[in-house]
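I am opening a notebook on a structure I have not looked at before. The entries follow the order in which I looked things up.

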Amino acid sequence: MVHDKWIIGPNDPILVTGAGGFLGLRLVSNLVERGFRDIRCFVRPTGDSRKLESIAAEHPDSTLRIIKGNLLSKPDCAEAVRGVKVIYHLAAGTGQKSIPDAFMNSVVTTRNLIEAALAEGCLLRFVNISSFAVYSNINPLKRGLLDESCPVEPHPEHIADAYCYAKLKQDELVEEYAKTRGLRYVTLRPGSIFGPGKTAITGRVGIDTFGVFLHIGGGNRIP
């Protein structure tokens with residue numbers, strides 16, 4: 001149920017980008033179960049929205065609006081953020097192997113979304129979904145706990161991994177908007193995410209290839 005001290009009410013619009021993904025689907029379900037009734041689910045034009053439609057059918061008292069668009073399109077961003085109070089920004093360029101492509105699909109898209117939201121003037125919180133990948137070169141798990149006090153990679157320009165580079169630049173962009181434009185945000189950095197319905201698994205668990213699952217490193221900790 002929606003708590004009376006939360007920053008928005010049950011009928012305030014929420015936007016979830018990347019809503020059709022593994023994490024996005026669970027976030028949308030969680031928001032609906034907590035009593036939020038106006039959720040906009042942003043997915044790629046070629047994205048599969050059938051699971052989102054199933055969630056909508058299971059909760060007829062809520063309005064789940066599926067928006068198909070491209071965050072590289074400023075008009076698509078403007079349409080998606082109209083009246084929105086909270087944005088959960090999960091969409092990211094995860095499959096790009098080149099740094100320019102990853103930058104475009106993580107950083108440029110984030111800029112377009114934030115610019116549109118600030119122009120709309122309704123946003124109360126921007127939830128920036130980052131990644132543990134930003135810590136990749138400092139080996140923070142070597143001595144135990146990784147928390148908010150740990151520094152991120154200070155030289156992203158030296159990183160060959162396109163996803164890590166783009167996520168670092170995305171985080172920097174969000175922080176800059178907070179300093180210069182007053183963006184109210186929180187950055188979350190999940191570790192390895194897997195579970196029912198996710199076909200890809202982390203190498204810390206094992207290797208799933210050619211129809212055979214190899215469980216290796218049973219003592220590995222999973223962040």
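**Entry 1: two helices.** I note that the model is predicted. I began with H1 and H2, which are roughly parallel to each other, because angles under 35 degrees count as such and theirs is about 10°. H1 covers residues 22-33 and H2 covers residues 50-58, and their axes lie 11 Å apart.

I then looked up which residues meet. From H1 I listed Leu-25, Val-28 and Ser-29, and from H2 Lys-51, Leu-52 and Ile-55. By type, the residues of this contact are four nonpolar, one polar and one charged.

**Entry 2: the sheet.** What is the order of the strands in the open sheet? I read S3-S2-S1-S4-S5-S6, six strands with parallel pairing. The edges are S3 (63-68) and S6 (185-188), each of which pairs on one side only. From one strand to the next the twist averages 15°.

**Entry 3: strand by strand.** I went through some of the pairs.
- S1 (residues 14-17) pairs with S4 (residues 86-89) in the parallel sense, over four bridges. Val-16 stands opposite Tyr-88 in S4.
- S4 and S5 run parallel and are joined by four bridges. Here Val-86 is opposite Arg-125 in S5.
- S5 and S6 also pair in the parallel sense over four bridges. Val-127 faces Val-186 of S6 across this pairing.

Is S5 mostly covered or mostly open? I found it mostly covered, with four of its five residues buried.

**Entry 4: a helix across the sheet.** I looked for what lies over these strands and found H4, which lies across S1, S4 and S5 (125-129). H4 runs at about 180° to S4.

Entry 5: In soluble globular proteins, nonpolar side chains tend to be buried together.

Leaving aside neighbours within four places in sequence, Leu-113 is in contact with Leu-15, Thr-17, Leu-71, Cys-77, Val-81, Ile-87, His-89 and Phe-126.

Definitions and conventions. Residues are numbered from 1 along each chain as its sequence is written. This is a predicted model: local features need pLDDT of at least 70, side-chain atom pairs count only at pLDDT 80 or more; totals for chains, interfaces and linings use all residues. Side-chain values use heavy atoms; hydrogens and water are left out. Axes are lines fitted to C-alpha atoms, for helices over the stretch in contact, and angles run from 0 to 180 degrees between N-to-C directions. Angles under 35 degrees count as roughly parallel, over 145 as roughly antiparallel, 65 to 115 as roughly perpendicular and the rest as oblique. Contact means heavy atoms within 4.5 Å. Ala, Val, Leu, Ile, Met, Phe, Trp, Tyr, Cys and Pro count as nonpolar, Asp, Glu, Lys and Arg as charged, and the others, Gly among them, as polar. Two strands pair if DSSP finds at least two bridges between them. Buried means under 20% relative accessible area, exposed over 50%, partly exposed in between (1.4 Å probe, protein chains only).
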